[in-house]
Amino acid sequence: MENYLAELNDAQRAPVLQKDGPMIVIAGAGSGKTRVLTYRIAYLMSKGVDPFNILSLTFTNKAAREMKSRISKIVGSSEAKNLWMGTFHSIFAKILRFEADKLGYPSNFTIYDTQDSQRLISAIIKELGLDKDVYKYKQVYSKISSYKNSLITVKAYFQNGELQEADAMAKRPRLGEIYQHYVDRCFKAGAMDFDDLLLKTNELITRFPEVLAKYQNRFRYILVDEYQDTNHSQYLIVRALSDKFQNICVVGDDAQSIYAFRGANINNILNFQRDYDNVEMYRLEQNYRSTKNIVEAANSIIDKNKTKLEKVVWTANDEGPKIIVNRLLTDGEEGRYVASSIFENRMEHQMKNGDFAILYRTNAQSRAMEDALRKRDIPYRIFGGLSFYQRKEIKDVLSYLRLLVNPKDEEALKRVINYPARGIGATTMDKLVLAANHYKRSIFEVIDNISKIDLKINSGTRNKLTNFANMIKSFQVMAQKEDAFSVAEAIAKKTGLIQELKKDGTPEGIARIENIEELLNGIKDFVEEQKELADAEGSLAEFLEDVALATDMDKATEDEDRVALMTIHLAKGLEYPYVYIVGLEEDLFPSGMSMNTRSELEEERRLFYVALTRAEKKAYLTYTQSRYRWGKLIDAEPSRFIEEIDDQYKEYMIPQDDYKYKPLIDSDVFGEVDKSRLRQTKPKKGTPPLAHKPSEEQLRKLRKLRPESSANSAKASSEALKLETGQMVEHMRFGKGTIIGIEGVGQDKKAEIDFENGGLKKLLLRFAKLKLL
Ligand code: ATP
Ligand code: MG
């Protein structure tokens, strides 16, 4: 064990060393709150607390993994493995699975993702014959979601005249009815949606005191990161679980509370001292993340908010460069500016792509950024877009898997019953849904008993339905004997999914097949990984749970060297040397929808504070003069937030208005020119800035930096079979590691690898995507 306590300052050490009792750490961005939680867990374990008794709740599963890996280094990985760490959703999904029968759910319940939920709601709206332009399924979904997060059940809804009146006023008097149907259908399908994972946990611990007692005794020490963003439902769970031992440590920053729109309640942090006896309150003041300039600029911003806890944040770090503010004509130009600035910083300061983040207020803004990055051959990755697991072909395969784990899963069944086409049309489906509702059974049960039910379905179709049910059942039998990978592979082949895509023959079709292969690789990895773990068996159900709860932040490719693009909401807790905050325009950021009240505006300002405090070395703010919004080109005005940063911390770099852009250098290599440079070098028209031209050396570097084309991947997998003990490799998910043993021959060759982040893993070389270092 290293002397890890020396890696904390005095203020940080205090909450780490207080072993028992309730405590809260309130501190500004970058002051080491997450580090305190991590080291506190290590400390508890060093004092003999059993890791089984520690529960730690984080904002993303990725954050949990990072904390776990740091703790493993301090206390050893075999102990750290037993810690319960993860998001509220992933932790409580596990508990619910264990206790499902008490709530009348099967233990293999499906988790509906947002898309499943929305599809179901949309189907219900249609079945009820409601106008889909009035009852917009996305709005209905978010309304139901907000009810669930405030613990308003269907019953409570119908007892609450005010809520019903409000929905009626909003011209949606039948919202309660949709809610009712939705809940019934989920239950019948053996499915929980994301909000249920919290709602049902609350139900479980209120209705079954013995269950609550069990988990209270189990989780003697509870830790919560980003406490400012817990919603009411999460708050109640934490409150109840910690009630017996009161060993609860929460950390947060009221200035970074940015999820009020999803029900997060900042009062949870403000009332903490009232909820527990003898609360110790700790403050951290030194920021280790950012330059002086960034820290002070961020302070000057948050100062403008009235509702806040007074805090000091300072740093001993360098002064650093000023924040660059730039105005561009359009979003296209904005993208080009950001891309060329990244390009230059990367060259000048020898940075990696992964050192840069582009943050925006709305997802739609990513497109212009992507276009520009692609033109410059700068690899990037969008967090929070359509995640891998939500792509159509992937969801198709996953739906088959879901169906055989839980045949009641209605959304899964609807996806695959006629894909690939097997002559079961929409009319038949409608009849099946009606019958299922009538007999209060799942659709699969209806199909499985089709011969016994009086339905107007012809014998040809009946046969098709029976064949489908038999196919699913044969996969079920297989799943009892074989691991998740073999089953998934059989599904991809035997259902005709792959053939269907092969027939298609277009580049998109081929890309889809590759994605399915990638999914199979992922399942293989999962199976191999789980085999290594003590209490897991690599079952299909476990894999599906992992997938359902994988936020896009957790994606496997996280350590590929790419520029990160994401909304500010997703950037919480993260840090990057260079941060570009784009689209700083009134109506966009602050959002036009959030300027009606002071509290909404203050939330936008906190969002800006979060964005700025992600930057370690340098921050850039950009805005455009005109932007397409709602299909119209509108004149944009610079965001008030730019103005609010004290002048001494920022530097304007605005191109001359009359300057007309002309490419001055080989645009194949450099794309277009960074105009800010032109301004700096005060070009006379027609004189190319020679200093800008790349040297031969730079060009060589540049060519080397180009990402490898995917054509190399087949070569890579045969290369992988040649790996030997002692070599250093890099894995997409587990990071860098050393091969400590090889076993098996040919296609079955496996390597045992000690990963810096993931501990010891055995991987099948044929599938594992390893890079030799
Ligand atoms: P946020 O509010 O953004 O979540 P935070 O308060 O959780 O920030 P951390 O992420 O824990 O802050 O720490 C910020 C950075 O400072 C991290 O890179 C961390 O490793 C580093 N750091 C924290 N404390 C120390 C310390 N005592 N010595 C050196 N580095 C530190
Ligand atoms: Mg943090």
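## Domains

The domain assignment, an automatic or database one from which the bounds are taken, divides the chain of this predicted model into domain 1 (5-103 + 197-284), domain 2 (110-189), domain 3 (314-386 + 556-652), domain 4 (388-421 + 452-544) and domain 5 (727-772). Between the C-alpha centres of domain 2 and domain 3 the distance is 36 Å.

Residues are numbered from 1 along each chain as its sequence is written, while chains are lettered from A and ligands numbered from 1 in the order in which they are written. Because the model is predicted, local features need pLDDT of at least 70 and side-chain atom pairs count only at pLDDT 80 or more, whereas totals for chains, interfaces and linings use all residues.

## Surroundings of ligand 1

Ligand 1 is surrounded by 18 residues, of which Gly32, Lys33, Thr34, Arg35 and Tyr288 are the closest; a residue is near a molecule if its C-beta atom, placed from the backbone, lies within 6 Å of it. Helix α2 (residues 33-46) contributes three residues, the most to this shell, helices being DSSP runs of H or I with at least four residues and strands runs of E with at least two, numbered from the N terminus.

By class, the shell holds four nonpolar, eight polar and six charged residues, where Ala, Val, Leu, Ile, Met, Phe, Trp, Tyr, Cys and Pro count as nonpolar, Asp, Glu, Lys and Arg as charged, and the others, Gly among them, as polar.

## The five-stranded sheet

Five strands form an open sheet in the order β21-β20-β19-β18-β22, with antiparallel pairing, two strands being paired if DSSP finds at least two bridges between them. At the edges lie β21 (759-764) and β22 (770-772), each of which pairs on one side only.

Strand β19 (residues 735-743) pairs with strand β20 (residues 750-755) in the antiparallel sense over six bridges, and Ile739 has Ile753 in β20 as its bridge partner.
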